[in-house]
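Open your viewer, switch to a cartoon view and keep the selection panel handy. We will walk from one element to the next.

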Amino acid sequence: MDLLNAFITLANFVIVPAIAYGSQLALGALGVTLIYGILRFSNFAHGDTMAFGTMITILITWLFQSWGLSLGVFPTALLALPFGIAGCALFVLMTDRAVYRFYRVQKAKPVILVIVSMGVMFIMNGVVRFIIGPDDHAFGDGERFIISARTFREMTGLQEGLAIRTSTGITVITAIIVVAILFWFLNKTRTGKSMRAYSDNEDLALLSGINPERVVMVTWIIVAALATVAGTLYGLDKSFKAFTYFQLLLPIFASAIVGGLGSPVGAIAGGFIIAFSEVLVTYAWKKVLVYALPDGIGPDGLAQLLSTDYKFAVSFLILLIVLLFRPTGLFKGKSV
Amino acid sequence: MIKVDNVVKTFGGFRAVDGASLEIRQGAITGLIGPNGAGKTTLFNVIAGVLTPTSGKVTMMGEDITGLPPHTLFHKGLLRTFQIAHEFGSMTCRENLMMVPGNQSGETLWNTWFGRRRIADEERALRAKADEVMEFLTIGHLADQKASQISGGQKKLLELGRTMMVDAKIVFLDEVGAGVNRTLLNTIGDAIVQLNKERGYTFVVIEHDMDFIGRLCDPVICMAEGKVLAQGTLAEIKANEQVIEAYLGTGLKNKDMVGA
């Protein structure tokens, strides 16, 4: 029995990856929840918005790399991120002007907007594949590890290593910064309060002289920023592939709904709940169990509850359970 | 000041407002009465820009304002309150009032980051004003309460307070008295009279409480079935036969319409 090594193994293969994945989901879910709370529809194009923003970031990264520009140990993508955000914001605002505004003026029902957003999703999907192709792209550079498994083993003298990759560290730190700025913005600034007011009571907001078009514009810009940051972090951590981002839509929506649609705190909590459960259920526990259990009774098999192919099923199982017992989500969201 | 010219608003085949014309005198407190379903609130919504009229025209001081969106009308000094009090539930009463004047400099993304001092000055002035308004309306002690937690009558006062945060020209009050006890109703009435006298607000009040109407309003306009029936002092209106018919439903030409 060796609890310390068991814990290190767990941290290496479950806790650290799940925290990184959870941060990425949380950022994605924040975007979905903001659109839901303020523009009042479920934006199915969010996954592809992430893909679009990330694509711009990647293109700029490649441009910088060809110029020999780099951030040293950090990935060049961080330098390209502001450009990605700007490009994504521009694209999303154009979409709003060309598509969503028409339906907003008609006061279309949320259901119609959901279907409209699916149309936008397919177009964005096509645009991204058209420009960057359907293949996998790795665009991370700089130092790969903050601590590699070997360094950790040498430092501690333990049998097991704990590797923390640069992308993981950057993901968590960036997510914390972005969330802090977002909450400050929503709660303390006048623009953020206008957005909350518009979300609370649209009619009253209009009759208080709040310009709805401005609120909508600011919302889209923030959502584009969140989507691009989430997408870039995910891409750095794994790799970029248009189809993967489309698939991410599912756990992102599950996170937003589990936390309570329209509630920013809920989106973050939901992101981590979904991420941890996905990783925990699909992890092969053999090694941890062999370390943790007394000698001789460790499992022979992999002790994996579910193949990783089924990881999306986990999000939906949690989604179902939460909706059955708490239909408004863990943190009371709102229903349109 | 406000002229409503032959406004029609239909919902499907139903004519909620059916060719209403009326004029609102500057500086007056005009009462708008009529049985339920007479089209009073719909007419309010048309004037305040929440609904676009099917046909007809609304002018304010000679300017055509038909179909302008509510937030534009707000900046022209035309305000309204709701029949069922609305509030920003997740904010405190003070924040609710501080939301009111639109186009504050803190509303652009640029100023949020680069105009912080100007925003701070503005916020300080607004805060002082909000406190003053709440004191005036006897809800000063509720300043830091969440607006979703205060009572229905207090929400009505908060609604009235919203109109005091800016220099309104004309305020449309939709059933300020609904579900409010007598004492609070008197407070609201006093506030309306004082605002009318001291600040020169023009008011249009929808109300079912005839004592309240009689105390505040001159002239009174009576609507029924989407049309304006009569206009005059409350005594004149009460004596008007058409009005009595509309309320009591006796002797209407078409019996099927009774109870509309």
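Two strands are said to pair if DSSP finds at least two bridges between them. Helices (H or I, at least four residues) and strands (E, at least two) are DSSP runs, numbered from the N terminus. The model is a predicted one: local features need pLDDT of at least 70 and side-chain atom pairs count only at pLDDT 80 or more, while totals for chains, interfaces and linings use all residues. Residues are numbered from 1 along each chain as its sequence is written, and chains are lettered from A and ligands numbered from 1 in the order in which they are written.

**Stop 1: the sheet.** Select the six strands of chain B that form an open sheet in the order S6-S7-S8-S3-S9-S10, with mixed pairing. At its edges lie S6 and S10 (227-232) of chain B, each of which pairs on one side only. From one strand to the next, the twist averages 20°.

**Stop 2: strand S7.** Now pick residues 170-174 of chain B. Is this strand enclosed or open? Five of the five residues of S7(B) are buried, so the strand is largely enclosed by the rest of the structure. Buried here means that 20 or more other C-beta atoms, placed from the backbone, lie within 10 Å of the residue's own. In a regular strand, side chains alternate between the two faces of the sheet.

**Stop 3: the neighbours.** S6(B) and S7(B) run parallel, joined by three bridges; look for Arg80(B) opposite Phe172(B). Five bridges join S7(B) to S8(B) (residues 202-206), again parallel, and Ile170(B) stands opposite Thr202(B). To get from S7(B) to S8(B), the chain passes through helix H7 (residues 182-199) of chain B in a right-handed β-α-β crossover (with the strands pointing away from you, the path from the first strand over the helix to the second runs clockwise). Next, S3(B) (residues 29-33) pairs with S8(B) in the parallel sense over four bridges, with Leu32(B) opposite Ile206(B).

**Stop 4: the contact between chains.** Show both chains. The contact takes 25 residues from chain B and 21 residues from chain A, where two residues are in contact if their C-beta atoms, placed from the backbone, lie within 7 Å. On the side of chain B that touches chain A, H2 (70-75), S6 (78-80) and H4 (109-114) of chain B each supply at least two residues. H2(B) gives the largest share, four residues.

Definitions and conventions:
Buried ≥ 20, exposed ≤ 12 C-beta atoms within 10 Å, placed from the backbone. Axes fitted to C-alpha atoms, helices over the stretch in contact; angles between N-to-C directions.
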